[in-house]
Each structure stands twice: as structure tokens, then as C-alpha cells.
Amino acid sequence: MITTNADFSIMVRRCLLTLKPFRIFVAGIGFFSLCFLMTSLGGQFSAKRPGESPFTIRAEVLGGPESRGVLRKISDMLEVIMKRMDALSKLGNTTDSHRLDELSSALDRMQPMGLVERIQAIAQNMSDMAMRVEQILQRSMASNRVRDGASGQCDIPKDPRYPDCPSKVDWMRARWTSDPCYAFYGVDGSDCSFLVYLSEVEWFCPPLAWRNQTAVPTYKPPPKRQAALRSDIGALLEQVGTGKESLSFMKRRMRRMAAQWASAARRLDDKLRSQHREQKRILVHVGFLTEESGDVFSPKVLKGGPLGEMVQWADILTTLHVLGHNLKISVSLKELQGFVGVPPGRGSCPLTGPLPFDLIYTDYHGMQQMKQQMGLSLRKHKCHIRVIDTFGTEPAYNHEEYATLHGYRTNWGYWNLNCKQYMTMFPHTPDNSFMGFVAEELNETERLSIQRNKVDNMALVYGKEASMWKVVLFLYLHSQGKEKFLAILHRYMEIHGTVYYEAQRPPEVPAFVKNHGLLPQQELQQLLRKAKLFIGFGFPYEGPAPLEAIANGCIFLQPKFNPSHSSLNHDFFRGKPTSRKVSSQHPYAEQYIGRPHVVTVDFNNSYEFDSTIRQIMTTKASTVEPFLPYEYTCEGMLERVNAYIQNQDFCSPEVLFPPVNTSRTWSGSPPNPYSLLPNSSILAWASNATAPPSWPPLSALRLLTSLAGQSCVEACQSGGLICEPALYRFINVKEVFSTLEVQCEGVESEINHLFPAFSAEHAECSLQKDPLLFSCAGASAKYQRLCPCRDYRMGQVALCGDCL
């Protein structure tokens, strides 16, 4: 710290020896002196009057004569400094030594003024003075607004249309400094600024009459373009980026599958050539890969950790790119903020501009981050969001108020979305949309090669982490009175594993298991193409590996769960927003594929397990051909996601049904729009009734009633159909009960995720009051439910026969 004028002079001489040219240095001294004083004052200088010095501060701003005197002395001193600096700056034509002498003489003449001591003394008082200046300026700005506008413009309005306005103003008075975004939008602590913000940025207060409302620019949406299918993924690989092992894994998968995506794009293009497809602006925010969510997956990619989520996200990105949409990818909060246009701060303020995307794909981590960053705007824009949700979210858990009141509240769910906005890995929850992923397809040459090279006595175990073996060995190998099932399998087959290890063999893996360690995907594929049996231990649930094994000609042997696993009896599902009962390790493989490719057996029954293995051994491996459901091919996923993008719309309000101006009749003249199918108790939409716009179309509707204690998922499946919640609004009318000849003492509308339903025993008939609770899931022994079912395309259960 400089303490004397002599020290100051020495410092300047030293600087002059190292800094050239001299003129720049001298100007710098003046500039930094000025900045020091202006910074101490907080930068709060008002506009100068004509003829005043650049450093003269208007006296009336500070108020008292004492303040005016102090600031006048500062002003005079700065003018002296500037004159001396101006004189010194003219010494540019002399030699360096002459410059030093001149500067030394100038500094000596300045020393009697006590320059440094004066600056130090002034600095000690600057903080209090700056605070006083800021307070006075704020009062002055507020009074200027009142003078500029109409009288009383900043009084807090008491408008019954805006009942929250006074309380919001009180909150702003106490907390407006809690987030920098308020200052970004012009809030300065005055009531006027609060009202401007609460009426123009948020919507809690009425518009102010004295504000120029016409200044807000009218938003013009970008022109709509035709989406063209792409066969090259080079641009996508650049967008995915680098820096995380998870991203590297996803890019390796994209490159390996590139040829299959290109071929699928050409086939789908032939199918859709006559259809107009609008190009969408899409943001993909992968929340679980952000540092803020912990990114627990990236460090485990090379250690046998779960890869199912990354497989799915890689395929989602590729699908959206190949379909020809305008794609942005975010794996950090900074990228999310930049893409969405979040104001600086902690996310308390909403977005003021339009959302620059038609669709946003994210996950539960991303939803939480978007809520923190977008604030109230999330409520406005959430209809654009699609949540990738592995295990599914049922309506009872999604409806925040209902979940809280009826015991369905969990750590997930409760976002009040249309449940079709949740997109699952498998089509196990028809309340949600089935997103899926893809498995590698084989050409004819590869299929024949696999069948020739299968090893009849080779089994490969599903499980890359040693912890999976530890849990399963405890569950299955130590059951009292039960022979160890791996020992039974070892009698007949050579057992292989791919368990990760660094230095030594994992102790959880039995000695008779030939462990290959963690394998790259291509080497794992070669192992699957040789193995006859792919055996699951019961965990992980519903992963992609069994489909990949079946696609490579393996028989998938999995355990049956008795009783079924659910959130009621199993820790893994506890806290997840679903009451679904999982009957086996992979219910999709059990239900939609089945024998001979999938065999489900009770591993705790040693006799049943042994006889199943002996039966498998008598089956030639070459007779079980590689199989892959169409919906898990590249073309199947492209077809399905394209149908969603072009047809699902959760932002436009649904047309009321029945129309408000009708009672019991619809155009088309039948007494109601339903008719019984021949020799059946199932209702369909009458062919001579006008069908309102809907997707899936009403031609797919098949209405039936469940048994008491049966869910609509089960009721539709029993008829070879799929429950379709999008069609609930067309059966949630009292005319349905009369068509079904159900006797009702009265028809009430209530909030209950089991409705519409009826109780034949008590002649009670109930309709659904809240559309968010239309649910295929849920059952009660008291009610028979009305179930909107539909048909489905072979190999593509997400789409009905007329959905394309």
C-alpha cells in the first residue's frame, strides 16, 4: 500500500522504466485515478449541466451543504490533476531521461498538496456516501416516474380480476434482491418497478395505463418447413460433443448403427412419400448426464454400469435427426439456459419471449432443472415437453393434488402432465407413450452364419456388475430346501459371464463360470452369436440386453416372480410413480415374444428349473431363429416417433365432447354414436355417426367393461386389444351407460382415477371430472370400469390399424 508522496513518486519512476510509450502511461494515471473515485461513488453520477466540468456532481442530488462542499473539493482536486497530466503528456518529443526529470519535477510540485493522503482519507468515507447517493437516486427515479405518468399510477391496484397483486407486491418489496433476474427486468426497489414487472413479465397485476403497451413487438413464428429424411449422421455426431465417456459410448453406438439407420430411412421414405411432414424445432436436454445431477453414469460406462438409458438416448437422438428435424442437444445447465433463453439469475423469473422450440425431450432430472431455470414459464410451456421415463408414470401419481390427498405422492411424478407425455422404454404402461430403442438387425448371411455356429451347450449370464451376482446369489442360491440353480445349469451347460473386474476375479462369480470380463459391444455380439442360452438372474429389470440376445438367436431364460414385484413389496420399485406389477424380469419378452425365444420359469422350483433346462438341451440351437420385433428395428422406431411428432398435440385445447350445444344427439342422427359389435358386448363408434377429430382416430375405438377388480390394462389385453387413454373423453358420457344397459340410480361426476365406472350391485354410475385422471391403470373390487380399447398394428403396438 502507498503511504507517502515519496512512495508514490518512486512507484511512478519504476513504472516509467518498464512502460512505453510515456504518453499512454500518463493518460493511464489520470484514467485510473478517475475510475477509483467514480467506483467509490458507486457510479451514481447524474447528467451534467452545460458548462460544468466533466467531474462536477450536481449538488442537489446529495442534498446537504456538507456533502456539496466535500464533492466540490474532490472536483477541484481532479481538475488540478488533469491539468498536470495534460502538461506531462506533451513531453513525448524528449528523451527518456528528460521525461523522468520533468515528471519528477511535476511530482515534487504536487507533493505539498498531499494528494495521496487526500485520496486515502476520501476513500474511507466513500462507502457511506455511495449508499446515500443510491437511496436518493432511487427516490428521485420513483418521483420522476410519477411526474411522467398519470397521478396515482404507482398505487397498488385492488382489482378483483387480479386478487394476488397486493400480496405479490409485498413479496417483491421483501425479496426482490433474492434473484438478479428481477433487476435484469428493470426492478429497482420501487413500487412502480414492481407493478411493471408483475403486469408485463409475470401476470399477477393488471396492465398499467401509463405504460406504452404497443411497444411490445408482435412475435412472428418462423416459417414452416417440410422435414426431409436424412441418411447421413455426420452432423449429429458433431452436435453430440465430447468430454464424457457416456457421450463417447453414444457416439460409438451411432457410428456402428449408421448403415442400418440409413437403410431404414430409405424404406420409410417410400412409405411416407405422399405425406406432408412438418419440420420441428427440437431441444434434447439429457438431464441425468449433467454435472448438476451428479452424472453417475459416465464414470461407470467402462466398469459394467447400466447402459440401457444411454442406449435409448443415443437412439432417440438418431431418430430425431434422421427424421429431418432441427435439433439442439444440451447436457449442461449452461447449454439449457442458452437454448431456452433463461434470464440471468437463479430461475425465479419466467421467460418473456416465445419458446424457441416446438418440442423438448428430457428426463426427470431435466424436468427438475427446467423448473428451477424457467420458473413460472414451465407451467406455460410444459405442453411441449416429452419425458423419457423408463418405468412409467401413472395418472394417480402424476396428478399432484390427487397424489398428495390419496397417498400416491412419490419423489417422481406429480408434474400434472398429460400422461401420454411420458415416454417409456417398453410398451408396458398404455397410459404413457412407448418410445423404445433399437436392436441391431441381421442380414440373411449373418442369420445363416449364426445358426451354423451356435454352441448347443453354451450359456451366457445376463449381468455385468458383480453386485448383481451378489444380490441374486442371496435371493436364489440360499433358499432353504432348494438346489442352487446355477449348479443345476452347470450340469448341462458351460456357463460364461461378462463381469467387470480390474485386478482379480470377482469373488461373487462362482469358479465354474468362465468370466470374459467387460467386453466391447462388438465382442459381446460375437459371444451372443455363439451362445445358445442367455440367462437372467431377475435383475436388472426390463433392459435392452435380452432383446439383443434374442435378435442374435439366443433363447432367453428368465425367472418368474411369484408374487409379482411392485412398489408394495419390493424396494427397487418403492417410490417410483407406478403401481404396475412385474411378473418376470422382462414382462415384454414374456408377453409379446414368448416361446421358443423366451422361457419364463420359477427359479426357486428346482424340479421345474431342471426339467426346463433338459427340454432346452433337446432343442437344436439352429431351430431357434434370430428374432427382433418390428417396433425395435430402426424403421419401426422411425415410424412410431414420426407418428407421435406429427399427430400428438398437447398444447391445443381439446374440443368438448359432447359439444356444448347438443344434448343426446350427434350429427349423423343416431340416438348416440355407439353400436354393439355383432355377437359381442363390445361397443364401437357407429359408422353413420360423425367422428370428431382425434388421434388415434375413433374408428379404432372398442369400448368394453372390465370385471370387478380388473384394470382397463388387463380388460383390454383379455380381448386382444390395447387400452387407449386418448379415447377416454369419448366414453366419459352418460349415454354409454344406457347403451350398455347398465341401471343407474343417478350419474355423478367425481375426481377418481378409476372413473368412468359403475357398480351394478349398488346401481352407482360415475363419470370422471378431471381429464388428467383418465387412467388405464387401477382397479377396485367395488367397480367395473369403462375401458377405451383399440386394435394395434402387428409388431407395432403403439399404433392402431388406422393410425398411419
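Let's start with one residue. S566 counts as buried, because its relative accessibility is 4%. Buried here means under 20% relative accessible area, exposed means over 50%, and partly exposed is in between, with a 1.4 Å probe and protein chains only.

A word on the model before we go on. This is a predicted model, where local features need pLDDT of at least 70, side-chain atom pairs count only at pLDDT 80 or more, and totals for chains, interfaces and linings use all residues. Residues are numbered from 1 along each chain as its sequence is written, and side-chain values use heavy atoms, with hydrogens and water left out.

Back to S566. Where is S566 found? In the loop between strand 11 (555-565) and strand 12 (582-584). Helices (H or I, at least four residues) and strands (E, at least two) are DSSP runs, numbered from the N terminus. What does S566 touch, leaving aside its neighbours within four places in sequence? The contacts are F573, S579, R580 and K581. Contact means heavy atoms within 4.5 Å.

Next, the disulfides. A disulfide is a covalent bond between the sulfur atoms of two cysteines. In this model, a pair of cysteine sulfur atoms within 2.5 Å is taken as one. How many disulfides does a search of the whole structure find? Nine. I'll take three of them.

Take C154 and C192. Their sulfur atoms are 1.3 Å apart. The link of C154 and C192 is right-handed, with 90° about the S-S bond. This pair links distant parts of the chain, 38 residues apart. C154 sits in the loop between helix 6 (115-148) and helix 7 (165-175), and C192 sits in helix 9 (residues 191-200). Both C154 and C192 are buried.

Now C165 and C205. The S to S distance is 2.0 Å. With 100° about the S-S bond, the link of C165 and C205 is right-handed. C165 lies in helix 7, and C205 lies in the loop between helix 9 and helix 10 (234-240), so the pair ties together parts 40 residues apart in sequence. Buried or exposed? C165 is buried, at 0% relative accessibility. C205 is buried too, with a relative accessible area of 2%.

Then C744 and C765. Here the sulfur atoms are 1.8 Å apart. The link of C744 and C765 is left-handed, with -75° about the S-S bond. C744 lies in the loop between helix 27 (735-739) and strand 18 (746-750), while C765 lies in strand 20 (residues 764-768), so the pair ties together parts 21 residues apart in sequence. C744 is partly exposed, because its relative accessible area is 29%. C765 counts as buried, at 3% relative accessibility.

C554 is buried, with a relative accessible area of 1%. C634 counts as buried at 0% relative accessibility.

On to the cores. A nonpolar core is a set of buried Ala, Val, Leu, Ile, Met, Phe, Trp, Tyr and Cys residues joined through side-chain atoms within 4.5 Å. The largest nonpolar core has 80 residues. Which of them touch the most other members? M250, V284, W313, L317, L320, Y361 and F534. Helix 11 (residues 245-272) gives the largest share of this core, ten residues. Look at L320. Leaving aside its neighbours within four places in sequence, L320 is in contact with I282, V284, H325, L327, Y361, V641 and I645. There is also a second, separate core of 34 residues, and F657, L701, F730 and F758 are among its members.

Last topic: helix packing. Two packed helices are described by the angle between their axes and the distance between the axes. Axes are lines fitted to C-alpha atoms, for helices over the stretch in contact, and angles run from 0 to 180 degrees between N-to-C directions.

Helix 13 (residues 333-340) and helix 14 (residues 364-374) pack at about 55°, with axes 11 Å apart. They are therefore oblique to each other. Angles under 35 degrees count as roughly parallel, over 145 as roughly antiparallel, 65 to 115 as roughly perpendicular and the rest as oblique. The crossing of helix 13 and helix 14 is right-handed. L333, L336, Q337 and V340 in helix 13 meet Q369, M370, Q373 and M374 in helix 14.

Finally, helix 20 (residues 485-492) and helix 24 (residues 606-618). Their angle is about 25°, and their axes are 10 Å apart. Helix 20 and helix 24 are therefore roughly parallel to each other. Thank you.

Note on methods. A crossing is left-handed if the near helix is turned anticlockwise from the far one by less than a right angle, and right-handed if clockwise.
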